[in-house]
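I set out below what I looked up in this structure, entry by entry. The entries follow the order in which I consulted the model.

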Amino acid sequence: MKNIIFALCLLCSSSLFSQNTIGGNKVIVPEAEVKRQSQFLEAEKERLLAHYDKAIDRYEKFLYNNPEVDAGWYGLARSFAAKEDYVKAQDAIEKAIVKSPDNQWYRIFQADLFGKTGRHKDAITVYETLTKRWPDNPEFYRQLAYLYVLNKDPKAGLKALDKLEQITGFSEETADKKHIIYVGLGDDKKAAAELLRLADAYPRKPEYRHRLARFYETMGDQANARRVYEDILRRHPNDSVAQLALLSKGKSNSDAAYLNSLKPLFSDPRTPIDSKIKELLPYFEKLGASPDPALAQNLLELGAILEKTHPDDAKAWSISGDLLYYSNRPTEALEKYRQCIRLSPRVFSVWDNTLTILAEQKNFDEMLRFAEQAMDAFPNQPKAYFYYGIAANLKGQYDDAINQLEQAMLMVGSNTALRLDLTDQIGLSLLGKKEFSAAITRYEQSLPKGGEQHPGILEHYGDALSLNGQHDRAIEQWKKANTLRKSATLEQKIAAGKL
């Protein structure tokens with residue numbers, strides 16, 4: 001390999017000479033050797049330029065006359081691998097290893113090829129060899145541990161991590177990986193022990209004990225979680241996360257009293273917003289189930305505190321908007337959602353609620369604008385296109401609506417409910433264009449796929465039949481729709497017998 005590196009350096013000049021100066025001495029390089037090195041360099045150049053077919057051709061011609069050059073086989077293997085021809089790449093790298101068994105890079109590349117083709121046991125064998133030949137290289141043990149776990153042998157992975165720890169000493173890396181393996185093995189005690197080791201190794205970093213407490217909470221071990229939070233407060237008396245957690249665990253039976261006690265911590269910008277939101281989430285169901293004015297007021301006050309304490313965090317405005325939305329105050333919720341979107345447009349649930357409110361308010365101009373922005377922010381979210389289609393239909397822009405609704409159909413997947421809603425809107429677009437027969441066909445195609453249980457489809461199918469002069473069939477569909485969802489409008493249509 002040293003000869004090859006020398007050759008690369010030697011041949012980087014603009015022309016080739018048979019006489020060169022090395023170490024201050026003039027050395028005559030045979031022309032045959034110059035030509036040989038030039039051929040190899042040409043192959044290397046093509047590979048570096050990603051001209052893999054040309055590189056393969058040049059490597060093969062070079063190796064035909066120089067089969068003993070391990071670097072040539074290595075370059076050929078890399079070229080085949082770049083073309084995802086892993087069988088030929090494996091054959092070439094094996095030849096390189098035979099020529100130069102002490103080159104660790106060849107073996108690493110071989111293991112990588114095994115990994116790409118799912119041959120994890122073979123990759124493990126390679127890294128076991130590497131750890132024996134180079135026992136002080138920590139990266140080899142990292143890869144070996146990863147491969148053992150990938151090969152569903154986590155206990156062997158733990159042994160590899162133990163050896164890694166002998167080289168590097170205890171670290172967050174080894175503790176984290178061992179913790180994950182123990183969790184996978186269902187050994188919660190040892191999983192917690194690794195987090196405790198980490199917390200004890202870095203006593204000035206309370207986040208490690210936070211993680212241990214959260215792990216106990218996830219396991220349903222509230223007693224140990226409380227113990228850890230108490231330990232955190234002994235070490236860090238002003239730790240707001242632990243304060244909030246212990247306040248939650250010791251809360252009174254009165255929701256209002258507990259929520260009122262949270263206000264000082266919610267006003268503290270040092271308390272992470274995620275911890276605050278976690279305390280509010282259980283109350284959303286209560287807020288939606290029973291409109292308790294006292295509960296709603298306390299929650300809304302906490303939402304307002306979040307806005308003031310974290311004014312630049314979109315989550316604060318999102319949660320405040322949600323609290324107003326579930327408190328049946330949609331107009332106020334809309335303003336919070338708008339601010340959330342201005343700060344961060346990457347949460348679709350906020351767009352969803354915003355567009356729902358605009359639809360309920362019949363604010364179709366703004367609904368159309370927001371839906372278009374939602375499509376830009378979430379080009380693969382079919383519901384954004386659905387909202388756009390609704391607004392475009394209501395504004396009489398039927399062709400525009402159909403284009404976006406059909407686009408949504410391509411990405412809706414297995415979401416049957418949304419697929420039926422999209423079909424309903426496409427049918428309405430066709431009705432708006434007075435293409436009654438096309439609308440009837442579209443609705444009829446949906447009936448055996450769930451449309452029979454969709455009141456909107458049944459009603460509008462009836463509308464299409466009526467507008468097409470088929471009044472008896474229309475009444476039949478309106479009656480079915482009215483059975484599923486009673487409506488004064490439907491009853492008027494049934495009574496009149498036509499639109």
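**Entry 1: Gln243.** I looked up the accessibility of Gln243 and found it partly exposed, because its relative accessibility is 27% (buried means under 20% relative accessible area, exposed over 50%, partly exposed in between, with a 1.4 Å probe and protein chains only). Gln243 belongs to helix H14; helices (H or I, at least four residues) are DSSP runs numbered from the N terminus. I then listed the contacts of Gln243, leaving aside neighbours within four places in sequence, and noted Leu233, Pro237, Asn238 and Leu265; contact means heavy atoms within 4.5 Å. The C-alpha atoms of Gln243 and Asn363 are separated by 45 Å, and the two residues are 120 residues apart along the chain.

**Entry 2: basis of the values.** I record that this is a predicted model, in which local features need pLDDT of at least 70 and side-chain atom pairs count only at pLDDT 80 or more, while totals for chains, interfaces and linings use all residues. Residues are numbered from 1 along each chain as its sequence is written, and side-chain values use heavy atoms, with hydrogens and water left out.

**Entry 3: Lys178.** Is Lys178 buried or exposed? I found that Lys178 counts as buried, because its relative accessibility is 5%. Lys178 lies in helix H10, residues 172–185. Not counting residues up to four places away in sequence, Lys178 touches Leu158, Leu161, Asp162, Glu165, Glu194 and Arg197. With one of these, Asp162, the side chain of Lys178 makes a side-chain polar contact of 2.6 Å. A polar contact is a pair of N or O atoms within 3.5 Å; within protein, one must be able to donate a hydrogen and the other to accept it, and residues adjacent in sequence count only if both atoms are side-chain atoms. I also noted that 48 Å separates the C-alpha atoms of Lys178 and Asn66, which are 112 residues apart along the chain.

**Entry 4: Glu366.** I found Glu366 in helix H23. Glu366 counts as buried because its relative accessibility is 11%. The side chains of Glu366 and Asn363 are joined by a polar contact of 3.0 Å. Residues up to four places away in sequence not counted, Glu366 touches Arg338 and Leu358.

**Entry 5: the largest pocket.** I read its volume as about 570 Å³. Which residues are the closest to its centre? Of the 22 lining residues, they are Ala359, Phe386, Ile390, Leu394 and Gln425. On a 1 Å grid over the protein atoms alone, a pocket is an open set of points where a 1.4 Å probe fits, with protein on both sides within 12 Å along at least five of seven lines; lining residues have an atom within 4 Å of a point. Grid points are joined across faces, edges and corners, and a volume is the space filled by probe spheres set on the points. Helices H22 (348–360), H23 (364–377), H24 (382–394), H26 (416–432) and H28 (455–467) each supply at least two residues of this lining. H24 gives the most, with six residues. By class, I recorded 10 nonpolar, six polar and six charged residues in the lining; Ala, Val, Leu, Ile, Met, Phe, Trp, Tyr, Cys and Pro count as nonpolar, Asp, Glu, Lys and Arg as charged, and the others, Gly among them, as polar.

**Entry 6: the second largest pocket.** I read a volume of about 240 Å³ here. Among its 14 lining residues, Glu217, Tyr229, Ala245, Lys278 and Glu279 are the closest to the centre. H14 gives the most to this lining, with five residues. The lining has five nonpolar, three polar and six charged residues.

**Entry 7: Thr423.** I placed Thr423 in helix H26. Thr423 is buried, because its relative accessible area is 7%. Its contacts, neighbours within four places in sequence left aside, are Met409, Arg442, Tyr443, Ser446 and Ile457.

**Entry 8: positive phi.** I looked up two residues other than glycine with a positive phi. Phi of Ala50 is near 65°, and Ala50 lies in the loop between helix H2 (31–48) and helix H3 (52–65). Phi of Asn328 is near 60°, and Asn328 is found in the loop between helix H20 (314–326) and helix H21 (330–343). Ala50 counts as partly exposed because its relative accessibility is 41%, whereas Asn328 counts as exposed because its relative accessibility is 65%.
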